[in-house]
Amino acid sequence: MTGPVRRGRTGGVVFDGKAFVAGLSTAPGVYRMLAEDESVLYVGKAADLRKRVASYFNATPKATRTMAMIAQIARMEVTVTRTEAEALLLENQLIKSLKPRYNVSLRDDKSYPYVLVTGDAWPRIAVHRGPRNVPGRYFGPYPGVTAVRETLNLMQKLFKLRNCEDSVFRNRSRPCLQHQIGRCTAPCVGLVSERDYADAVRRASMFLDGRSDALNDEVARDMEAAAERLDFEEAARLRDLLGNIRGMQARQYVDGRVAELDVLACAMRGTHACVLLLSFRDGRNLGTRAFHPRTNGSDDPAEVLAAFVSQHYAEQPPPREIVLDRAIEDLPLLEQAFGESAGRRVQIKTSVRGDRARYVDLARRNAEIALASEMGSQAAQHARAESLREMLGLAEIAQRIECFDISHTMGEATVASCVVFDADGAVRGQYRRYNIAGIEPGDDYAAMHQALTRRFKRAVESDGVVPDVLLIDGGAGQVAQARDVLDTLGITGVCLVGVAKGEARKPGDETLLLPDGRELKPGAASPGLQLVQQVRDEAHRFAITGHRGRRQKARNTSRLEDIPGIGPRRRASLLKHFGGLGGLKAAGAEEIALVEGVNAALATRIYATLHGLDTGTPGQGQD
């Protein structure tokens, strides 16, 4: 449903809010405010659409930010839902996808890490980040990778599960160091039965699930049963396991009992905000994680915290208890929505005592520290951006900077990267990689031309997004390719800058190649050059990561089989001897020649192929 408009005295479009409200339902739903250019200004939810939307157009005094938003409305749309909880879920989805101008929203961030127990016959335990497409059970999410690594360390000490890659596991002929130091039962060479290993996996899963009390009872019963049948060695092992589990719990319990809760505190300075998350699972303190939401002009910490809680737990499973440092709106609705999604009761508390009050104070102090650090870095970032503006002669600070880089090894698996920075820093959700094909191997000019053509052709045909500043990692040749692409596609208003390394490739010696033919050497002390270096180095890192992944994928699937003289039998012998492809790549040609059936000439070919060399003599490629 959209609303009526009328013409103002100046001829502009004025949204007739009162006429729009008259036709609204009193049902729950979501409303969207749109500007004249069809951009989304705001997305909100309502238990009663007519009453909520009418509140924007009555005579009640409103905040300056709200009045500025209302003045820009050209039309409105509404979606009716069955319940207010459904409206909450839809609101979160629309905020994430539409990125409205006036909503508080979470920034793009790295995905949460999980502990993964794979679904193999001999399951592996490992850190997992990214899409959950590997078969197995996922435990988490954890606030940060440090908490995951501590958990994995604990799992290996208590239950001795393997953490090696499958390629290594399948090809080992003797136990590894993890077994020798008592952190793995070596299922790779049959030193543990399948039943005993499965039992260890099951107990580890109980522990990760937060069922430590049930695990303690089970281990105690098994220990007593082992003692009764006079299997004292097994009873001693279970006694040690039980002692280790209880010792860990005694150190980390909250309020003397198992707790599953998150503590959240919000700190603000002006319109800058930090939300600090402190997590406990099964009584264990998993550490903290700081978030810096986009407030879009809001200076109300309760509004920011409410938006964070709503959006964060729409993406992540909520714990049984959430403790906040201040009251927020819609607490009963949030509890209802989270409880329905989790399939159990979820409590949200804002007034607590005892240990929980101390955790709130801890979270609040950490939020203030994290906010101060973020604002300091933002001030430095702004100073660098202002210096770059002066250096390039721009009218305003660049709101969008893009940088392109090319990475390959002697022409193999060429990848181009594009990274994006805005006024606040890196915008990782808009990074792009381009797999380059159909060019002469090693032709960096053609690779740059292809990547830029693909990037800016999309801008012309669809999204219309172009950078204020376009950085090209390279010299005059690469810059000429970029200029040709922009001119061919008719793109103007982009400040094109080449970043050429100095003779010694020393940071600070870079030369900036400007569109008018000038060359600048600002020097290492220039804040503007420091920003250019930051963006260029990020593009370089992103390109190398993509290139290495593409190269490794190609080599893992075909390189051994492509070597003349390597058949299935020799391939199996090589992988078994070195414990997998990683061990084979780490070996020299002389070590490879020691494998039965492999002579010196074949060993040299294997080494050269695995390292991207044309001959047996090590060469140098470009990363």
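This is a predicted model: local features need pLDDT of at least 70, side-chain atom pairs count only at pLDDT 80 or more; totals for chains, interfaces and linings use all residues.

Biologist: Where is glutamine 381 placed?

Modeller: Glutamine 381 is in helix H13, which covers residues 355-392.

Biologist: Why does glutamine 381 count as buried?

Modeller: Its relative accessibility is 6%. Buried means under 20%. Therefore glutamine 381 counts as buried.

Biologist: Which residues does glutamine 381 touch, not counting residues up to four places away in sequence?

Modeller: Glutamine 381 touches Phe421, Ala423, Asp424, Gly425, Leu531 and Gln534. Contact here means heavy atoms within 4.5 Å.

Biologist: How do you know that the span of helix H8 agrees with what it should be?

Modeller: H8 has 15 residues, 194-208. At 1.5 Å a residue, they should span 21 Å. The end C-alpha atoms are 21 Å apart, so the two values agree.

Biologist: Which residues of H8 are buried?

Modeller: Among them are Tyr197, Val201, Arg203, Met206 and Phe207. Just after H8, glycine 210 has a positive phi of about 90 degrees.

Biologist: What volume does the second largest pocket have?

Modeller: About 990 Å³. Its lining has 41 residues, and the closest to the centre are Tyr42, Arg52, Tyr56, Glu303 and Glu329.

Biologist: Which element gives the most to that lining?

Modeller: H11 does, with 6 residues. Strand E4, helix H3 and helix H4 are among the elements that give two or more.

Biologist: How do the lining residues of the second largest pocket divide?

Modeller: Into 18 nonpolar, 11 polar and 12 charged.

Conventions: Residues are numbered from 1 along each chain as its sequence is written. Side-chain values use heavy atoms; hydrogens and water are left out. Helices (H or I, at least four residues) and strands (E, at least two) are DSSP runs, numbered from the N terminus. Buried means under 20% relative accessible area, exposed over 50%, partly exposed in between (1.4 Å probe, protein chains only). On a 1 Å grid over the protein atoms alone, a cavity is a set of points where a 1.4 Å probe fits but cannot get out, and a pocket is an open set with protein on both sides within 12 Å along at least five of seven lines; lining residues have an atom within 4 Å of a point. Grid points are joined across faces, edges and corners, and a volume is the space filled by probe spheres set on the points. Ala, Val, Leu, Ile, Met, Phe, Trp, Tyr, Cys and Pro count as nonpolar, Asp, Glu, Lys and Arg as charged, and the others, Gly among them, as polar. The expected span of a helix is 1.5 Å times one less than its number of residues.
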